[in-house]
Amino acid sequence: MLERAEEAISIHVGKGVIDTIGLISAPQFVAVCGNYAFVAGGSRAVFRVDLTTQTSELYVGAYVLNNYLLDDEGALDGCLAELSGLACDAATGTLYIAEWHSFGDRNVIRQVTANGVYTTVVDLTGASSPPSGLAMDGSGDLLYGVGNDVLKVDPASPTTPATAFTADARVVSLAVAVDVDGAGSAYFTLHGSNAVYTWEAATGDVFTRIAGNGTRGLSGDGGDAAQAQLAEPMGVAVDSAGTALYIADRSNHRIRRVDLTTTPNTISTAAGTTRGFSGDGDAATDAALDHPMGVTLFRNSGLLIADTSNNRLRSVGPAPPPPLPPSPPPPSPPPDACGQTYDPAYVYDVVAVPSLIAVTVHGPDVYAATLFPSRVYKVDTGSPTLTVVAGNGDDGCPVDGAIATESPMWYVTGVAVDGSGSLYVAVSGCDAVYKVVGGTITRFAGSGVYGPASNDGGLATSAELPQPYSLAIDAAGSVFISSLYENTQSIRRVFPNGTITTIATTSDMYYPAGLAADHFGNVWIADYLFVRIWNATTEVVTIVVGAGIRGGEGDGGPAMAAWLDGAIDVAVDPDGTRLYIADSGNYRVRSVDLTTAGNTISTIAGTGAGGYDGDAQPATSTRLAQYLVSVALYGCSELLIADSFELDGRLRRLAAPPPVPPPSPLPPLPPGAAQPGQQGRSTDPIAATRDVPVAVDVTRVYVEQMPAAPSVVERILSRPVVL
């Protein structure tokens, strides 16, 4: 139990590690089950946080709009409705979620079992009010609010809920918390009451105001809790012994603590002073919070706070255990890996490429695809010049066996090259991927008919491949294709023998775009608010980057806590230790160091504003254009960027700073002047008549003979000057 208000406050978790900012979008509800914290709020999803490793994962709800989860589906197979409460059964690890929808058709309490299955426990369709607040008592029963009533139900037989008690006003929806202590007492808030009440199971419908006098305000610390003022109290939590109550005093921007062992119960402030964000590492009572709406205890000795308007989950109490040591490095890459550290610092223009949509690299060769007209060019980065290798600029679909440069193509969106130098082109308008070998084009994948993805296990040329977007090729020669059919996304794999299969679908992703394959066969997926990875060994898709919140925060912290805005393409270095993201909506290129604990993310190009500031500019202080559409590694020390604005486009590169030019040659010495290291008077009869300096170079100043000072003065200067 937290006894001291001067405990240090810090960012504890929020998809990751201590002291990370911008963690969870508007968190409102927090529940703890053993070593895990579950957090939910404005993102309409639930995250599970491991309190030991300080890492987290999306646990319930996928970012697929209007594709709501159904009973007996996996917890990540669809999205949630609005949330109004969380509770967790520590004995089984089962999570309970209160959901609601404005039309009333999603007013339910669901459970997610420890193995990830999502089912309905209580169906409140047609009820007078949606569910509000959840708590589990010591006997394993759920308590939840519906209007003025607080109901109680055994999750094992949920068809027979009983009314625990009826309050004098509507139980606060969305943010109410009803927490049950070990003695069977419930604590709750009521709409507009500015107070917290308690209900004893032994006394039936009798409940008592325990904190707040009903008048909105801030007063009472050190005195009787029932006479103190609160301002919109929301979440409440009580320790298992029933000795201390914690209140998220929302509009006072504080967490208040009520000592339940004193008579009368004494109230104090456990965390917070004024509205704002500050105080990490300092005393909790000196920290600034912003409309906290949720609070709970972890390990019965510290607090987790949903600091809602700060988009953070914060902790008060004993320091959490240190994170585990970083994972061992991945296996050694193949011999052709660079093994160099990539640290670009400048952005350079390579060549103008109107309507640039994608770029890829094969050895020293660079290929760029354009949308209007739809063509693929080979780029000579030295000249620089563009040579058409596919597409005649007309709309249409290529005919098998035709000359690639004479073939129409309709909306080229992706391009890749395999180990033998064969070129692959995603032609979205033709619902197919084409292959160019020796200047001849043939259909490689897709039947050319628009329809849902089909023919897994069959020939790729007979499969429906709707709107292919991006391509990646692994070292074994498999071609990976991102594809979109209406609201259904998929990633297809075409094996070297020409058969096709699906490796990821809508349930795994939100809006997949760019792909990259590493030397280990893994496929990295740019997925709008996330970057995901398809593991070639487990064949499972997981999130690597992104908290699922639209924005640009998180640099310097763990990648899972970072906010993205339109991640449209990715590239990964040869040894799999660094990831690069075209974060289009943020006008930035982000880099993720995969060798660090938490995979640290940073910005390596762009300012966060769209525009163009010229050639050879420092990377993090120059603007990138509105449509940052593609990235590709070029050698071991540069990154190519497809940087477009409407029909304009530039192929740009990130590379080392320009070399410092050598100093200018020294000007010739005047005839008769003293040589370097020589002292004495000049023997030049013309210069001898002057009384001003005639030449200055980087090593000497020659001062001609002056009547009162006939010596020569030598001095070191920084640059040559000729007078």
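The side chain of R257 makes a polar contact with the side chain of Y246 at 3.2 Å, where a polar contact is a pair of N or O atoms within 3.5 Å, one of which, within protein, must be able to donate a hydrogen and the other to accept it, and where residues adjacent in sequence count only if both atoms are side-chain atoms. R257 is buried, with a relative accessible area of 10%; buried means under 20% relative accessible area, exposed means over 50%, and partly exposed lies in between, with a 1.4 Å probe and protein chains only. This is a predicted model, in which local features need pLDDT of at least 70 and side-chain atom pairs count only at pLDDT 80 or more, while totals for chains, interfaces and linings use all residues. Residues are numbered from 1 along each chain as its sequence is written, and side-chain values use heavy atoms, with hydrogens and water left out.

R257 belongs to strand β21, residues 254-259; helices (H or I, at least four residues) and strands (E, at least two) are DSSP runs numbered from the N terminus. Five bridges join β21 to strand β22, residues 266-271, and the two run antiparallel, two strands being paired if DSSP finds at least two bridges between them. Within this pairing R257 stands opposite S268 in β22, and β21 and β22 form a hairpin with six residues between them.

Five strands form an open sheet in the order β6-β10-β9-β8-β7, with antiparallel pairing. The edges are held by β6 (73-74) and β7 (82-89), each with a single partner strand, so one side of each is left without a neighbour in the sheet. Strand β9, residues 108-112, is joined to strand β10, residues 117-123, by five bridges in an antiparallel arrangement, and the bridge partner of V112 in β10 is Y118.

The structure holds 21 of them. In one, the side chains of R110 and E99 meet at 3.8 Å, N to O, and this pair links distant parts of the chain, with R110 in strand β9 and E99 in strand β8 (residues 94-100), eleven residues apart. Both R110 and E99 are buried.

In another salt bridge, the side chains of D456 and R492 meet at 3.0 Å, N to O. This pair also links distant parts of the chain, 36 residues apart, with D456 in the loop between β36 (440-445) and β37 (468-473) and R492 in strand β39, residues 488-494. D456 is partly exposed, with a relative accessible area of 45%, whereas R492 is buried at 0%.

E638 forms a salt bridge with R653, the closest N and O atoms being 3.0 Å apart. E638 lies in strand β51 (residues 638-645) and R653 in strand β52 (residues 648-655), so the pair ties together parts that are 15 residues apart in sequence. Here E638 is buried, with a relative accessible area of 17%, and R653 is partly exposed at 25%. Salt bridges that share partners also join D221, D249, R254 and R256 into one network.

On the surface, F372, W410 and Y411 form a nonpolar patch with about 310 Å² of accessible area together. Patches are made of residues with over 30% relative accessible area and no salt bridge, like charges being joined within 9 Å and nonpolar side chains (Val, Leu, Ile, Met, Phe, Trp, Tyr) within 5 Å; accessible areas come from the Shrake-Rupley method with a 1.4 Å probe, and for residues only the protein chains shown count as cover. W410 is found in the loop between β32 (402-403) and β33 (412-417) and is partly exposed at 37%. Y411, in the loop between β32 and β33, has a positive phi of about 65° although it is not a glycine. F372 is joined to P373 by a cis peptide bond with omega of about -5°.

For the chain as a whole, the protein has zero helices and 55 strands, and buried residues make up 53% of its 723 residues.

Conventions. Salt bridge = Lys/Arg side-chain N within 4 Å of Asp/Glu carboxyl O.
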